[in-house]
Amino acid sequence: MNNAKRAGADEVIQTNLLASFTMANSLQSPGVSKAIIELLHQLHGKKLQLIAAEGPLIGKTFFGKQRNVIRQTNDF
C-alpha cells in the first residue's frame, strides 16, 4: 500500500482485507459469503458513487434515502 501511494495512487483497494472479511464472517454467519458475492455481481458494469446528502435527504433513514436516490436515477 505504501508503494502504491508513493507511486501516486490516490486510492488502494486491499483485496486481502475483503477476502479476510468474507472468510471470517462466513464462519460466524453461514451464507454471508454468498450474499457478498451476489452484491459484487450486482455491481458488475455499474459505477459505484458517493453522493453527499443534501436538502431532503438530511435526517432521513437509510431506507428513505435509498428510495429517493433510486427514484432520481430512474428518472434519467
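Lys 5 lies in helix H1 (residues 2-6). Helices here are DSSP runs of H or I with at least four residues, and strands are runs of E with at least two, numbered from the N terminus. The model is predicted: local features need pLDDT of at least 70, side-chain atom pairs count only at pLDDT 80 or more, and totals for chains, interfaces and linings use all residues. Residues are numbered from 1 along each chain as its sequence is written, and side-chain values use heavy atoms, with hydrogens and water left out.

Lys 5 is partly exposed, at 42% relative accessibility. Buried denotes under 20% relative accessible area, exposed over 50%, and partly exposed the range in between (1.4 Å probe, protein chains only). Apart from neighbours within four places in sequence, Lys 5 contacts Asp 10, Glu 11 and Val 12. Contact requires heavy atoms within 4.5 Å.

The protein chain holds 4 helices and 0 strands. Its elements run α-α-α-α from the N terminus. Of its 76 residues, 7% count as buried. The accessible surface is about 7,200 Å², with 59% belonging to carbon and sulfur atoms. Areas were computed by the Shrake-Rupley method with a 1.4 Å probe; for residues, only the protein chains shown count as cover.

Helices H2 (residues 15-28) and H3 (residues 32-42) have axes that come within 8 Å and cross at roughly 145 degrees. Axes are lines fitted to C-alpha atoms, for helices over the stretch in contact, and angles run from 0 to 180 degrees between N-to-C directions. From H2, Phe 21, Thr 22, Asn 25 and Ser 26 meet Val 32, Ser 33 and Ile 36 of H3. The residues of this contact comprise 3 nonpolar, 4 polar and no charged.

A nonpolar surface patch is formed by Leu 39, Leu 40 and Leu 43, with about 280 Å² of accessible area together. Patch residues have over 30% relative accessible area and no salt bridge; nonpolar side chains are joined within 5 Å, like charges within 9 Å. Leu 43 sits in the loop between H3 and helix H4 (62-74). Leu 43 is partly exposed, with a relative accessible area of 34%.

Definitions and conventions. Nonpolar A, V, L, I, M, F, W, Y, C, P; charged D, E, K, R; others polar. Salt bridge = Lys/Arg side-chain N within 4 Å of Asp/Glu carboxyl O.
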